[in-house]
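Grab a pencil and work through these exercises with the model open beside you. Try each task before you read its solution.

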Amino acid sequence: MTTSCNDTTCLVTGLYGDDGVLPVRAFAQLDKRGSTALVDAFRQVPSLVWLGPTIGLSLTSALEVIALMGIVVSFLQLVLKSFRDFWWYSLSLVLYFSIYQVGQTFMWFQWDTLLLEVGLLTALTAPLRLPFLVESGPHTGLTFWLVRWLLFRLMFASGVVKLTSGCPTWWGLTALDIHFESQCIPTPIAWFVHHFPSPLLKLSVVMTYVIEIVVPFLFFIPIKNLRIFAFVMQVIFQLAIILTGNYNFFNILTTVLCLSILNDSHLKSHSSTASNTELKPKFLMPKLMTKVITYFIYFSLIYWTIHLFNINWNAGTLSISVNFNNNELNQFILWALPISISLATLSLVSNILKAFSRCLILPTNGFTRVVNLFYTTLYVSAVVFMFCISLVPHVSVDPTHSVKLWPVIHR
């Protein structure tokens, strides 16, 4: 590996070149460059990398070209609005997926699969820019809902698996005692946090459980203050991880996903009604009832956190310990999974109805209204399909519960 090449070329050559750590040529195992070999390669591992030999490039060079194309397209999407549509985001997804397919061990991290799913949802949410189709069409809130559902599944699963793993450090609330010195690439701040008092680190573990397992249920609550509370808690949690550790773009991407918890009213925007993803709380319930529910949820969060983790302050000492066992955890999961699916289904149905209602009130001529109704129907079908297949990994945190899904969803 030379120092005269750019970072991307050096990285690809060092990892996937003929003399690299995991040569892509060895992964491909192609002895010929004929059309039959190309078709077989696509069937086994779909990737644009296999097109390289057909245009005179080695597999490593093709991988470099795809990576550079991804960098250029991403930069253009960042600086120019005209590149932020379904077609360009789909191209970004295909480019990254092509690298992911041959990336082997170095691309099999959680943040890689997360970025692929986010890329697909981004393409669905971005404007199609087709004739007679409203740019921020009636379907926008519906596809944006999928991002929120992804965030919920990500956070809920991240919290639950810490306990279902049976790890004694998570059950003993001592995981952070060793986390900051054993994680990938700790930051300078991690050294100071590592030396926090043990009770404070235990309390941080408790807050991790609350933020990852309980707070996500507020994502679907149609009450502004609760949604803002959930958003703030998630962002603070992600920023704390970013400040104390380096997990690539994982936490930055998760922070961006947190924007799906909000809508235009939360951001005090007065944009078109097509981009508002939900009805305002005052139309759903009286103001007094909204306050009662809000304070009740706040009180319940505090009470059950104290109760479930035996948080006591005695003689100037903070004592914290888990006050539930594995059987009670399993019962909670068996209760929480159907509740989460029910809440998500109600929220999805609500967004579907609002999407169709917006089609009928578009301030356009009848033909444009019919076209948008057609496209909205297609988007509804895609969103319902993606929601159904997402239920399979969602319920996998408890294998005994996954069998209760419809067999057609598993297939």
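**Exercise 1. Find where Q104 sits, and say whether Q104 is buried or exposed.**

Step 1: Look in the loop between helix 5 (86-103) and helix 6, and there you'll find Q104. Helices here are DSSP runs of H or I with at least four residues, strands are runs of E with at least two, and both are numbered from the N terminus.

Step 2: Before going on, note that this is a predicted model, where local features need pLDDT of at least 70, side-chain atom pairs count only at pLDDT 80 or more, and totals for chains, interfaces and linings use all residues. Residues are numbered from 1 along each chain as its sequence is written, and side-chain values use heavy atoms, with hydrogens and water left out.

Step 3: Q104 has a relative accessible area of 11%, so Q104 counts as buried. The cut-offs are under 20% for buried, over 50% for exposed, and partly exposed in between (1.4 Å probe, protein chains only).

Step 4: Now check the backbone: Q104 is not a glycine, yet its phi is positive, at about 55°. Most residues other than glycine have a negative phi.

**Exercise 2. How many salt bridges does a search of the whole structure find, and which parts does each pair tie together?**

Step 1: Start with the rule: a side-chain nitrogen of Lys or Arg has to be within 4 Å of a carboxyl oxygen of Asp or Glu. The search turns up 2 salt bridges.

Step 2: One of them joins R153 and E117, whose closest N and O atoms are 2.6 Å apart. R153 is in helix 7 and E117 in helix 6 (residues 110-125), so this pair ties together parts 36 residues apart in sequence.

Step 3: R153 is buried at 11% relative accessibility, whereas E117 is partly exposed at 28%.

Step 4: The side chains of E212 and K162 also meet in a salt bridge, with 3.0 Å from N to O. E212 lies in helix 11 (residues 198-214) and K162 in helix 7, so parts 50 residues apart in sequence are tied together.

Step 5: E212 is buried at 5% relative accessibility, and K162 is buried at 17%.

**Exercise 3. Where is Q234, and what does Q234 touch?**

Step 1: Q234 is part of helix 12, and at a relative accessible area of 0% Q234 is buried.

Step 2: Leaving out neighbours within four places in sequence, Q234 is in contact with M155, I211, V215, P216, F219, C258 and I261.

Step 3: Take C258 from that list: at 0% relative accessibility, C258 is buried too. A search for disulfides (a pair of cysteine sulfur atoms within 2.5 Å) gives 0.

**Exercise 4. Which residues make the nonpolar surface patch of about 420 Å²?**

Step 1: The patch is made by L239, I242, I252, V256 and L259. Patches use residues with over 30% relative accessible area and no salt bridge, joining like charges within 9 Å and nonpolar side chains (Val, Leu, Ile, Met, Phe, Trp, Tyr) within 5 Å.

Step 2: Helix 12 (224-244) and helix 13 (250-257) each supply at least two of the patch residues.

Step 3: V256 lies in helix 13 and is partly exposed, at 48%.

Conventions: Areas by Shrake-Rupley, 256 points an atom, 1.4 Å probe, with all protein chains shown as cover. Contact = heavy atoms within 4.5 Å.
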